[in-house]
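Work through the exercises below with the structure open beside you. Each task is followed by a solution in steps.

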Amino acid sequence: MKLNVDALRYLSKDDFRVLTAVEMGMRNHEIVPSELVDRIASLKHGGTYKVLKNLLKHKLLHHDSSKYDGFRLTYLGYDFLAIKTLVNRGVFMSVGRQIGVGKESDIFEVATEDGTVLAMKLHRLGRVSFRAVKSKRDYLRHRSSFNWLYLSRLAAVKEFAFMKALEEHGFPVPNAVDCNRHCVIMSLVQGYPLVQVKQLQNPEMVFERIIGLVIRLAEHGLIHCDFNEFNIMIDDDEKVTMIDFPQMVSVDHRNAQMYFDRDVECVFKFFLKRFNMSFQEIPDDIDDAEVDMDESGRPCFSSIAKGSGFLDKDLAASGFTRKDQEDIEKFIEGGVEKDADSGDEENEDGGLASELNESDISGVESLHLVEQPTLNCDVEGIEENEQKTEAGLTNGPETQDASDEEEDNETMISKDAELTKRLRNQKRRVIASVRGGRKNLASRNTYKDKGGRSSHNSKIQKQLSSW
Ligand code: ADP
Ligand code: MG
């Protein structure tokens, strides 16, 4: 997916306030009614609908009037919110070229104020092959409180937590710098994915290191689950770095043995095919690990002395809970790197999300798209910044003081709660009528509230429906 950050520089404080209001509304609504956006944003001088139109023009929002009139964030809108928050935190100041397209992510270079280049991974769950989406869709049909933005955020939180914990335990992983929403910032690995490497000086040594990592992970109670030539980076000195952690599971997982064997098999197959390696000479004591090998030289999962407690203790420190792990495991069951076949825009932030049903409403409590502590940053204004860095990167927004927004955010949150309750009831009635084939109480484009703003709203709805 293209990420043009130019628009970021021209978005106003009000633009971000309305974008944030849509995000907040999405905690409880797949599609956020325009009226709710207006109420949450509470712009001092009004004009929410003009702002919505502008955000729509920049493809930061998607307008949907199929069930009732409303908006949802696009991945681009979600990208902007995350980038702005991280820029305001001083994590980086400019966004550069795209350096990777994963099966469910886009990776870009970003630069800090002192010119250090880091990697920014934007998770995009839902962008997988049709087959994979379909099977997940079938599953998720019964779990409608999930949506792609929520899952992408979960994937980012998990990736960040694992990267940090693995780094602390001495594993060769990128340095985990920061995380916001679906975005992870990490150090840039100087090297190439193994899949691009045609020749190695010392393939046996690299192979041993890699298999040694799979074993050492298991000793720490973990299985990568997508350990293959796409997720192993290698530099000019043939030093190995592993990446891509959203699908990792514990060795206690019911399919642990299968995942472990699959990771091992991927490495064996690749080295056999690419480097024509024979496995007869591989020593039993790979990377000093004490582990039994089967007759084909593959390490036996059952013989590994597996540690435990790694997940709970170290991951919780980064805010990744067991419930998060359970939620995400249901969606990402092991890796499917080779299923990746597209940058399928059709699935962008979820066809699934548009399937509205009763449990969308009842399951809303489990959605936490907004991280409250970062809200101050989210609604800050943005200033134009024309400066270019030496690296030729496009500049992101400048940081501004956020203190005067604190009170506004409080108000936004309480209004959100109050309105949510009321709108939930209205929404339920709308859905019931759509389902029952009756003429609905609040028909398409005439979403009304009891707060006396309906004439204003219906005028706006007309305007929106003509977009
Ligand atoms: P996905 O989960 O979508 O597979 P990955 O984390 O595997 O995403 O990243 C996709 C590609 O982006 C990798 O194969 C690699 O080429 C590149 N990449 C990812 N992280 C980094 C990094 N920290 N430094 C340099 N390149 C990276
Ligand atoms: Mg990958």
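**Exercise 1.** Find the polar contacts of ligand 1 with Lys121, Val189 and Asn231 in this predicted model.

*Solution.*
Step 1. Start at Lys121: an N or O atom in its side chain is 2.6 Å from an oxygen atom of ligand 1.
Step 2. Go on to Asn231, where a polar side-chain atom is 2.8 Å from an oxygen atom of ligand 1.
Step 3. At Val189 the backbone takes part: one of its polar backbone atoms lies 2.9 Å from a nitrogen atom of ligand 1.
Step 4. Compare these distances with the cut-off: a polar contact is a pair of N or O atoms within 3.5 Å.
Step 5. Consider the cover: ligand 1 taken alone exposes 550 Å², and the protein buries 92% of that.

**Exercise 2.** Describe the shell of residues around ligand 1.

*Solution.*
Step 1. The shell has 21 residues, and those that come nearest are Ser105, Lys121, Val189, Asn231 and Asp244.
Step 2. Sort the shell by class: eleven residues are nonpolar, five are polar and five are charged.
Step 3. Look for the strands: S4 (94-102), S5 (105-111), S6 (117-123) and S8 (183-187) each supply at least two residues of the shell.
Step 4. Pick out the main contributor: S4 gives the most, with three residues.

**Exercise 3.** Which pocket does ligand 1 take up, and what lines that pocket?

*Solution.*
Step 1. Ligand 1 takes up space in the largest pocket.
Step 2. The volume of the largest pocket is about 810 Å³.
Step 3. Its lining consists of 37 residues; nearest its centre lie Ile99, Gly100, Ile107, Met233 and Ile243.
Step 4. Two or more lining residues come from each of S4, S5, S6, helix H7 (148-168), S8 and strand S9 (192-193).
Step 5. S4 gives the most to this lining, with five residues.
Step 6. By class, the lining holds 18 nonpolar, ten polar and nine charged residues.

Conventions: Residues numbered from 1 in each chain as written. Chains lettered and ligands numbered in written order. Predicted model: local features only at pLDDT ≥ 70, side-chain atom pairs only at ≥ 80, totals over all residues. Heavy atoms only, no water. Near = heavy atom within 4 Å. Polar contact = N/O pair within 3.5 Å; in protein donor to acceptor, adjacent residues only side chain to side chain. Areas by Shrake-Rupley, 256 points an atom, 1.4 Å probe, with all protein chains shown as cover. 1 Å grid on protein atoms, 1.4 Å probe; cavity = no way out; pocket = protein on both sides within 12 Å on 5 of 7 lines; lining within 4 Å. Sits in = over half its atoms within 2 Å of the grid points. Helix = DSSP H or I, 4+ residues; strand = E, 2+ residues; numbered from the N terminus. Nonpolar A, V, L, I, M, F, W, Y, C, P; charged D, E, K, R; others polar. Points joined across faces, edges and corners; volume = space filled by probe spheres on them.
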